[in-house]
Amino acid sequence: GVEEPQDAEPLYLDHYRDGIDYRLGRQSLERSLAYETATSAPLPDQVEAFVGIADWDLLHARNSLAIEQYQRASAMLQEAGAPTSIDELFSPKTPVVLPSFESNPLASDAIQAASYIGVAFEISRYGVSRQIEILETTNATDAAKKRLVQLIQRSRFRPRMTDGQLARSSPVVLRYYLGE
């Protein structure tokens, strides 16, 4: 038979480690939600913590669990009469790249820089990008365009809402500014 190299770990250890990472991360996010609730934080803050758990679940392919939680979070905000919070969480101008607790690589610090790439793509109900198209560029190299397309392809996004419902597919158009 074929022997594994001595320094290679069996594949089941990677799966086991991913399971532990998922559980530990989720427990940490649940503690954050419990703190927001216990301290009577404003409802939008509590819902944002709840959505953070849904983001984590989606990032780890617990799709149906995540979708249920996103819908529940939206319902909580609708009942509280907070449509602005729904838009901020589920339909921001720059889509939320998961994990949401890290800085968003699509949110550019080089606001209104001389170089940018205009890009359009769709985000599916499960946070997967599709139909990526470069629309326009100013002073952008082919390598920069390729890096942006790869970033979008490899990223998982928070699903977007339309009229209070998670959209099956949601179009996004943004201008990605390149640093000087």
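Me: How many bridges join strand S2 to S7?
Reply: The model is predicted, with pLDDT of at least 70 needed for local features and 80 or more for side-chain atom pairs, while totals for chains, interfaces and linings use all residues. Residues are numbered from 1 along each chain as its sequence is written, and side-chain values use heavy atoms, without hydrogens and water. Strands are DSSP runs of E with at least two residues, numbered from the N terminus, and two strands pair if DSSP finds at least two bridges between them. Strand S2 covers residues 116–124 and runs antiparallel to S7, and the bridges joining them number nine.

Me: Which residue in S7 stands opposite Phe121?
Reply: Phe121 lies in strand S2. Its opposite residue in S7 is Val172.

Me: In what order do the three strands form the open sheet?
Reply: The pairing is antiparallel. Strand S3 (129–138) and strand S7 (169–177) are the edge strands, each pairing on one side only. The order is S3-S2-S7.

Me: Why is the pair of Phe121 and Phe157 tilted?
Reply: Rings of Phe, Tyr and Trp (its six-membered ring) pair if their centres lie within 6.5 Å; planes under 30 degrees apart count as stacked, over 60 as edge-to-face and the rest as tilted. The centres of Phe121 and Phe157 are 5.5 Å apart, and the pair is tilted because the planes are at 40 degrees.

Me: Is Phe157 buried or exposed?
Reply: Buried means under 20% relative accessible area, exposed over 50% and partly exposed in between, with a 1.4 Å probe and protein chains only. Phe157 has 0% relative accessibility, so Phe157 counts as buried.

Notes
Helices (H or I, at least four residues) and strands (E, at least two) are DSSP runs, numbered from the N terminus.
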